[in-house]
Amino acid sequence: MVEAASFFINSETDLYGVIGDPIRHSRSPIMLNRAFADTSTNAVYVAFHVLPDQLQHAIEGMRAFGIKGLNVTIPHKEQVMAYLDEIDEGARYIGAVNTIVNRDGKLIGYNTDGIGYVRSLQEETGVTLAGKRILVIGAGGAARGVVYALLQKQPEQVTIVNRTKDRAVRLAHDMADHGKVEGMGWDDLGDIMNEVEIVINTTSLGMHPQIDTIPLDPKWLNESHLVSDLVYNPLKTRFLEEAEKLGCRIHGGLGMFIYQGAYAFEYWTGKQAPVKSMREVVLSSLEVNA
Ligand code: NAP
């Protein structure tokens, strides 16, 4: 059920939303409407199904209607950049925008996915990333944001391993200005596994409906590893289950979703996001739909 705002919609109500294709599965509306209600913000958040050939018109519509902010999801995160007035430095490095802020008519693009992930990892595990050696599995869109945000925390080294080695090497090259980062193929993994302290899955392996797939053979893991997975459907992936059995500390992907939305809320409103209740409403919707 959609949480209603705690006030009546009136002529002062600000409009926010998410654009994507498909979009009807999105849990952003329940999460952000809950955040607006809990902070007594006179705003509503809706899901817009925008087809790729309508993207430019959608952004013109955002300007015309004075929509205060949009989240952007698949498949528009890269293409939308062409229609904005300004792109934040992080989003430019990542090459994708997931949050648009309408600041007095100027549309500014941000990427809160990676910083949302890092805030979740730090707050939910208490880990300090400075000085750590980190393995990132996967080199797709989510990995770009995660690697960028990890490097802002001064880890000792980030190593990216990917099925398509060239993509890992390219991502490492793109991020090289921000810290020590290398890309490699699976054949080189054995050389570094004993040095790595944190292992992060950014691939879609393990995600519903392929819940039995696993991104890394658990033989590489031991209790010294902190193991994290961006996938949050299911909440505990098979990868995390196997890691937990081996005594590893584990961290799931739900927090990334919550905190990317929390950052968007904070950019839009200047208020602190009510993270606890945002998590509660998303969790209960996942349980209802499980
Ligand atoms: P993407 O751009 O399509 O990248 C997919 C990545 O997974 C690539 O590195 C790809 O390797 C790898 N991969 C896919 N199938 C594979 C297979 N069978 N074997 C080995 N590697 C495989 O996708 P994305 O946008 O980065 O999303 C990745 C995952 O992150 C998804 O599960 C998504 O749900 C999750 N995610 C979670 C959040 C959150 O809020 N928690 C946010 C964003 C994304 P190749 O380069 O070799 O194809």
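A: What follows goes through the ligand site, then the cores, then one proline. Keep in mind that this is a predicted model.

Now look at single atoms. An N or O atom in the Asn162 side chain lies 2.8 Å from an oxygen atom of the ligand. The backbone takes part in such pairs as well. A polar backbone atom of Gly141 is 2.9 Å from a ligand oxygen. For Gly140, a backbone N or O atom is 3.5 Å from an oxygen atom of the ligand. How much of the ligand does the protein cover? On its own, the ligand has 930 Å² of accessible area, and the protein covers 73% of that.

Next comes the core. The largest nonpolar core has 29 residues. Val136, Val147, Leu150, Val158 and Ile160 have the most contacts inside it. Which elements each supply at least two of its residues? The helices are H4 (113–125), H5 (141–151) and H6 (165–175). The strands are E7 (133–137), E8 (157–161) and E10 (198–201). H5 gives the most, with seven residues. Leaving out residues up to four places away in sequence, Val158 touches Ile134, Val136, Val147, Leu150, Leu151, Lys180, Val181 and Glu182. There is also a second, separate core. This one has 27 residues, including Met31, Phe36, Trp268 and Ala273.

Last, the proline. Where is Pro29? Pro29 lies in helix H1, residues 28–38. Is Pro29 buried or exposed? Pro29 counts as buried because its relative accessible area is 13%, and the cut-off for buried is under 20%. Which residues does Pro29 contact beyond its neighbours within four places in sequence? They are Val18, Tyr45, Val46 and Ala47. Val18 and Pro29 are eleven residues apart in sequence. In space, their C-alpha atoms are 7.8 Å apart.

Technical notes. Residues are numbered from 1 along each chain as its sequence is written. This is a predicted model: local features need pLDDT of at least 70, side-chain atom pairs count only at pLDDT 80 or more; totals for chains, interfaces and linings use all residues. Side-chain values use heavy atoms; hydrogens and water are left out. A nonpolar core is a set of buried Ala, Val, Leu, Ile, Met, Phe, Trp, Tyr and Cys residues joined through side-chain atoms within 4.5 Å. Buried means under 20% relative accessible area, exposed over 50%, partly exposed in between (1.4 Å probe, protein chains only). Helices (H or I, at least four residues) and strands (E, at least two) are DSSP runs, numbered from the N terminus. Contact means heavy atoms within 4.5 Å. A polar contact is a pair of N or O atoms within 3.5 Å; within protein, one must be able to donate a hydrogen and the other to accept it, and residues adjacent in sequence count only if both atoms are side-chain atoms. Accessible areas come from the Shrake-Rupley method with a 1.4 Å probe; for residues, only the protein chains shown count as cover.
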